[in-house]
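Trainee: I'd like a close look at one part of this model, please. Pick a spot, walk me through it, and then show me how the rest of the assembly is put together around it.

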Amino acid sequence: MATVTYKAASRIYPGSDKPAVNKLDLEIADGEFLVLVGPSGCGKSTSLRMLAGLEDVDEGAILIDDRDVSNLPPKARDIAMVFQNYALYPHMTVYENMAFALKLRKTPKAEIDARVKEAAELLQLEDYLKRKPKALSGGQRQRVAMGRAIVRQPQVFLMDEPLSNLDAKLRVQTRSQIASLQKRLGVTTVYVTHDQVEAMTMGHRVAVMLDGLLQQVDTPRALYETPKNVFVAGFMGSPAMNIKTVPLTDTGAKFGDTLIPLTREQVAAAGEGGQKSVTVGVRPEHCTIADTGIAVEVELVEELGSDAYVYGFAELGNGNGAERFVVRAQGGEIPRLGEIVHIKPQVGKEHIFHAESGERIAV
Amino acid sequence: MSDTAKVSAPPRRRKSASKRRANWFVASFLVLPVALYLILVLSPFAQAFQFSMTNWNGTNPDYKFVGLENFKKLFTSDLYSVYLIPALKHNAIMLIVVPLAVIALALFFAFMLNVGGKSRGGRMRGVGGSAFYKILFFFPQVLSVVMIGILWQAIYRSDEYGLLNALLAIFGVPLKSSGWVSDPSLVLVMVMIVMVWSSVGFYMVYFSSAMASIPAEIYEAAMIDGSSRVQTFFKITLPLLFDSIRTAWIYLGIIALDGFALVFIMTPQQGGPDHGSEVMGGVMYNFFSNGQAAMACAVGVILFFFTLTLMALSMRLTRRENVEL
Amino acid sequence: MATETTPNESGEVSRRSVLKTSAALGMAVPAAGFLAACAGGGSDDKDGVAADNTNAENPFKVDGKKPLEVVVFKGGYGDDYAIAQEALYKAKFPESAIKHAGITDIRAEIGPRFQSKTPPDVLDNSGAQQINHADLANNGQYADLTPLLDAPSIDDPAKKVRDTLLGGVVELGTYNGKFNVLNYGFTLYAIWYSGSLFKEKGWTEPKTWTEMLALCEKIKAAGIAPWTYTGVHPYYLFDVLFTLAARHGGNDVVKNIDNLEANAWKHPSIKLALEAMVSLKTKGYILDGSEGLDHRQSQARFIKKDAAFIPVGSWLENEEKDLLAADPGFDLKCMIVPALDGSTNPNAVWAAPGEGFAVPQDAKNREGGMEYLRIMLSAKGREAFSAKTSSLTVVAGKSEGMPDTPGVRAVQEALKTTASAAYPFKFDEWYANASKGIIRPKLGEVMAGRLSPDEFITIAQKAADDIKADSSIQKQHRN
């Protein structure tokens, strides 16, 4: 158990000028579950692999517990990793897979046995110890991969999209198992995923990355309520926030027929750089269907049982033609296809961003 | 289920005419290759069995049946056993040594050239100069066996113009008058060296591609687990290559059971000196050339059973569950 | 050793055909055999060719309209000479269509034709892949060429063909009392040396073995290896061994070996001959590494004057003409191996004509074949051969068309003294399997110093006894 620090760490692949990871600064506390999330190519896996020692640290440093491990080989770093494809040794049994690292360190047999059995119990793998990976289901293999990491009793757990290969139901189930396991063991964990739902539900803190740059690292709630820029706003939350660029007036943002009032400071900040537009975001669950508001022609209704998501198009009068909108509707009042409904953002739930830089404009 | 069982099976309908035509069409493509195979491969095989029990000399149409007489003579009469016994011995030796040497070297080179280097940047790489070595080691494959034989003949030449002797002379080693392939106690080793040299490149490539099919992640997991390069090779790479190794062993075994082309080109008396490098293929060739065609067929029959036994044994001993990667 | 005198065009051709041969051997021959087996066994009992010896022009009553097929081994002699000789036949029988083939693998290509009883009319059965003459002769697959011997020769109709041939030729080609094979190309086995080198160093041809040893000592002192030899093919040593033995103990020494007489190999002359040969090695008179050299390599070293003597056949000049052309003053000379002390028959020489021509019994045009052979023996035929091959034929005396080269002159010199004391050596041909499997390798081992003469004799005698005891091997006999 230890802290992990990325100090302006960068990774530039030879032959390309754009860094895959660009001066990443991140501090992870002891025992914290930190999730790295972002779209593909954002550098989250690369950052994880840099911590593992599978990628070079071209600039900056990575510290584990204040020890600079940037140039150490993986085995000297005392970390354990769970791979997306599990990377189990196909020719070894479950027991041997989990015991492998300990055998290499010449741990006494009795201790190996004890630790493996303990991890197996924790993950409900006792009945599978003699099987080979090909005789296991996806979920079981995933648990073996975790077991392999647990047995090592490392300072840091690294997980590279371990749930991506599981089916939806299993994914949800395993998600909570991993979270509770981590809580129980209390080991610092760095977890990479592209699924923002996983990020929100599992992490103590979530770090959002894009194009190698860290966008925001915060608790899930903070990311949800106060996203720092347009990208984070649009990335977190499902379905995604409705983000539209609308004309800026002296008093606010013209959201179709509705005017969203802005303070003078906000208007000034939004108008910086001679901007005549401003980007406004409002989440589907913060929109209400009312008698007045933006007119949305219903194109699709997604019934989810408890509620429904209504997809439609609306003209905002900003010269972009019909724009897409998503709004959450309660169970009872579900509109029909082709209907025109009126949408109103809940007061105080709008997010304002600078039209060009995308940065959040404070309330 | 019981309901459906009660319904009587639909009456068997004759295959539709078009289906039959289609079958004939497909079969017509097979006629030629199967016929060729029957006439040129299976038929001579069968005839070898027949001729081995006659006194045919290769050119007389009026040969007679002699039963197992030829087989008896091959083992008991000095006139024939002087060819056969050394050949059996030599092929057996080659069978053990050549596959072992080739596989060990090929594995070593494949490992060094693919994952043996420093793994900078996390990606497995070969040692420095890998690209060059790969071409160098594969080079013998583009040479025909005749060229290889002639090449090594020049290397092994027994006077001071031989390349090997010239090299040794630089180090002050005196000329060995009995030569290399003209020394009956050394000739087999010399031939085996050439066999190994000419095969390693191919199997190096073969194992390389097998190694490449091992996902990089497994190597990464091994690295994280703390495995050194040597440990990874023996505990991870080797077991996962088992099927490739077994295939290689079989092919190399076949080469070792032959070996005749090299022996014919490189050795004195084509199997000497004094039968020091005699091989089964050569014995057959010599018997045919000396007008002992029936004896040659008998040797062929012996070789057939020898090979069959060997194959059956090796398949049984190396049977193993398939490992899915 | 008639059958090996023609050099198989060094190693190149046979190497190229190695794989082809084994494939062809393995497949083509049994296939033909399958068909032949259906046809039933035995050669047709054709009568021999009748000859009308009063008709000097066409004694065999050749039908001029019938085609003639000639197959020639294309080796050291090439096959241009045959094409020239075929032109002579064509001139005589213009309506006959002549089919010519010059091939290297006789066994693979013609063997099946014997099996299926469709052989060519004339066959030059020579080279490394020849079919054993004995196998074909013993089985009646060769026509009896006695009519040829008794026919008038073309140049001098008063003389029979038989009387124009050198001594030993008829004996050499006789099997079971019938003359089946005309060995056409005259080859002399000898010890060769460079006349200019000897002149320069003041050395003379040794007349006895003792003189040879003394000369070798002088040669060694001059920094040259006295002897080299083709180590990889021990049959090159047969001449030295048997000529020394025959000179010492008489030609019957060799005859008894051929006839599988009891203890034939144990004759003291054999042992003395072997010991003499071994003494060359023990006294350090052999060029280092010789036992591993092939014929081209040893001959090249000889021409380079790294060695003074080399035992080889008279094809040497033709085979190494390029190397000799580079050294025009070489002055190639030869001598028969000098006799040991106490030799009773000091002029013996090995009669070793090669290039065995035969007319198959089942040939369609046997008469034409025999006439073709008669033409080959005529002056014009011989001229065609000698001009293209720089070699002599087995016809005594005249040598039209022979270029005047040192090698040729050397052979003619040697022939002057030897014609009467020629002996043949047939063991290697009659019992090829044992000779190639035991005698030749073991002789090589003796010369390399790894086997003693006594051990060799014991092994050779056992092999001879084994052959005698094996009823499945057809025995031959010569008088």
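**From one loop to the whole assembly**

Mentor: Let's start at Thr226(A), which sits in the loop that links α7 (220-225) and α8 (230-235) of chain A. Keep in mind as we go that this is a predicted model. Is Thr226(A) buried, exposed or partly exposed? Thr226(A) counts as partly exposed because 15 other C-beta atoms lie within 10 Å, while a residue needs 20 or more to be called buried and 12 or fewer to be called exposed. Now look at Arg360(A): 134 residues separate Thr226(A) and Arg360(A) in sequence, yet their C-alpha atoms are 8.3 Å apart in space.

Chain A is split into domain 1 (4-230) and domain 2 (239-354). Going by C-alpha atoms, the centres of those two domains of chain A are 38 Å apart.

Next, the neighbours. Where chain A meets chain B, 21 residues of chain A and 20 residues of chain B take part. On the chain A side, α1 (44-52), β6 (79-82) and α2 (94-104) each give at least two residues. Sorted by class, that side of chain A has 13 nonpolar, two polar and six charged residues. Chain A has no contact with chain C, and the closest C-alpha atoms of these two chains are 43 Å apart.

Which of the two touching pairs of chains has the most contacts? That would be chains B and C. Their contact draws on 45 residues of chain B and 56 residues of chain C. On the chain B side, α2 (17-51), α4 (78-114), α12 (260-266) and α13 (280-289) each bring at least two residues, and α2(B) has the largest share, with six residues.

A word on confidence in chain B: the mean pLDDT is 87, and 90% of the residues of chain B reach 70 or more. Residues 1-6 of chain B are another story, with pLDDT below 50 and zero contacts in the model beyond near neighbours in sequence. Where pLDDT is low, the predicted coordinates should not be read in detail.

On to chain C, which has 22 helices and 14 strands. Of its 479 residues, 55% are buried. Among contacts in chain C with a separation of 6 or more, 78% join residues 24 or more positions apart.

Zoom in on α3 (residues 80-92) of chain C, a helix of 13 residues. From its first C-alpha to its last, α3(C) reaches 19 Å, close to the expected 18 Å. Its buried residues are Tyr81(C), Ala82(C), Gln85(C), Glu86(C) and Tyr89(C). Viewed down the helix axis, the buried residues of α3(C) fall within an arc of 135°, so they line one face of the helix. What they pack against is β1 (68-73), β2 (98-103), α17 (366-376) and α18 (379-389) of chain C.

Finally, the domains of chain C. Domain 1 is assigned as 2-6 + 43-187 + 353-399, and domain 2 as 189-351 + 427-469. Their centres, over C-alpha atoms, are 31 Å apart. Where these domains of chain C meet, 16 residues of domain 1 are in contact with twelve residues of domain 2. The domain 1 side of that meeting has four nonpolar, eleven polar and one charged residue.

Definitions and conventions. Residues are numbered from 1 along each chain as its sequence is written. Chains are lettered from A and ligands numbered from 1 in the order in which they are written. This is a predicted model: local features need pLDDT of at least 70, side-chain atom pairs count only at pLDDT 80 or more; totals for chains, interfaces and linings use all residues. Two residues are in contact if their C-beta atoms, placed from the backbone, lie within 7 Å. Helices (H or I, at least four residues) and strands (E, at least two) are DSSP runs, numbered from the N terminus. pLDDT is the predictor's confidence in each residue, from 0 to 100. Domain bounds come from an automatic or database domain assignment. Ala, Val, Leu, Ile, Met, Phe, Trp, Tyr, Cys and Pro count as nonpolar, Asp, Glu, Lys and Arg as charged, and the others, Gly among them, as polar. The expected span of a helix is 1.5 Å times one less than its number of residues. The arc is that of the directions from the helix axis to the C-beta atoms.
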